[in-house]
Amino acid sequence: MAGAEVGAPVFGRIASLIRWRDGYLHRQQDAKVYLRSKLQPLDLVLVSSRGKATHRLLPGTFIHVAVYLGTEKELRTLGLWKDETVQAHADAIKAGDIFIEAVSEGVRLASADEVFNVDQAIVLRPTVASPKRKRALLRHFFSEIGTGFDFRFDAGDDERLFCAELANHVLANQDIPLREVYGRTAIVPDDIVASALEGRSRLRFAAYVSADREGWTAGNKADLKRDYFSTSAAANSGACS
């Protein structure tokens with residue numbers, strides 16, 4: 001076990017770089033415009049991409065989570081643009097890096113093109129009481145940029161963070177489900193989807209898009225339930241790419 005943990009960072013970085021093809025949404029500009037129109041700051045985006053090695057290596061349908069932080073205009077509307085935590089990343093935001101995610105290199109900002117280079121995407125919206133609380137949560141997300149990646153996938157230790165752990169670490173009151181895996185506290189993206197669909201968390205459905213070689217479709221909550229629960233994904237575990 002100790003040897004596996006030592007090798008995990010190297011293996012994880014290699015696996016994250018292997019891609020057989022781009023995601024089917026990658027060239028679907030209309031789909032990306034549609035998804036952008038549905039997003040609000042703090043929304044979780046859970047994605048599936050069968051063209052990546054991590055999807056083949058890790059069970060589950062949705063294996064990565066990113067969080068939408070917002071554009072300059074949205075952050076200005078929230079009264080957060082002049083905040084020093086945000087201003088440290090102003091150039092990147094202006095250039096289109098409007099998501100935050102934890103990947104093998106660590107917690108970073110990412111663009112819509114990077115996040116939506118996938119086959120399926122779900123948008124889940126946290127329940128946040130006030131604009132003041134929303135500002136505090138966004139500051140917290142920005143402050144996590146540069147945090148190292150948690151290759152042990154241990155949600156009980158927030159010194160380093162994996163993708164779903166980052167979301168739960170900041171959005172700690174959304175009833176994101178936890179489970180024990182090999183003696184560690186884990187957060188599985190598929191569990192996040194299931195709990196939202198079943199009303200067991202404070203996350204609410206906001207959008208669902210699926211694509212294949214022929215094109216893309218936008219579905220409602222009922223479509224997502226049909227597609228998701230018609231597979232065995234809910235019984236599997238998954239982790240972040």
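Start by selecting β8 and β9: five bridges join these two strands, which run antiparallel. Strands here are DSSP runs (E, at least two residues), helices are runs too (H or I, at least four), and both are numbered from the N terminus. Two strands count as paired if DSSP finds at least two bridges between them. Residues are numbered from 1 along each chain as its sequence is written. The model is predicted, so local features need pLDDT of at least 70 and side-chain atom pairs count only at pLDDT 80 or more, while totals for chains, interfaces and linings use all residues; side-chain values use heavy atoms, with hydrogens and water left out.

**Stop 1: the hairpin**

Stay on β8 and β9. They form a hairpin with two residues between them. Pick tyrosine 208. Opposite it, in β9, stands glycine 219.

**Stop 2: the whole sheet**

Now show every strand of the sheet. It is an open sheet of seven strands, in the order β4-β3-β2-β1-β5-β8-β9, with antiparallel pairing. Find the edges: β4 (106–111) and β9 (215–219) each pair on one side only. From one strand to the next, the twist averages 25°. In general, strands of a sheet pair through backbone hydrogen bonds, either parallel or antiparallel.

**Stop 3: both sides of β5**

Select β5 (residues 120–125) with β1 (residues 44–48). Five bridges join them, and they run antiparallel. Valine 47 stands opposite alanine 121 of β5. Which helix packs on the sheet, touching β1, β2 and β5? That is α10, whose direction makes about 55° with that of β5. Its touches are contacts, meaning heavy atoms within 4.5 Å. Valine 123 has alanine 207 of β8 as its bridge partner.

**Stop 4: α10 against α11**

Select α10 (residues 189–197) and α11 (residues 221–229). They pack at an angle of about 135°, with axes 11 Å apart. Axes are lines fitted to C-alpha atoms, for helices over the stretch in contact, and angles run from 0 to 180 degrees between N-to-C directions. That angle makes α10 oblique to α11. Under 35 degrees counts as roughly parallel, over 145 as roughly antiparallel, 65 to 115 as roughly perpendicular, and the rest as oblique. The crossing of α10 and α11 is left-handed: the near helix is turned anticlockwise from the far one by less than a right angle, whereas clockwise would be right-handed. Show the side chains. On α10, the contact is made by Asp190, Val193, Ala194, Ala196 and Leu197; on α11, by Lys221, Leu224, Lys225, Tyr228 and Phe229.

**Stop 5: α8 against α9**

Move to α8 (residues 131–143) and α9 (residues 163–170). They pack at about 140°, with axes 10 Å apart. That makes α8 oblique to α9. Is the crossing of α8 and α9 left-handed or right-handed? It is right-handed. Leu137, His140 and Phe141 of α8 meet Leu166, Ala167, His169 and Val170 of α9.

**Stop 6: an aromatic pair**

The structure holds eight aromatic pairs. Rings of Phe, Tyr and Trp (its six-membered ring) pair if their centres lie within 6.5 Å; planes under 30 degrees apart are stacked, over 60 edge-to-face, and the rest tilted. Select phenylalanine 99 and phenylalanine 116. This pair is edge-to-face, 5.6 Å centre to centre, with 80° between the planes. Phenylalanine 99 lies in β3 (residues 97–103) and phenylalanine 116 in the loop between α7 (112–115) and β5, so the pair ties together parts 17 residues apart in sequence.
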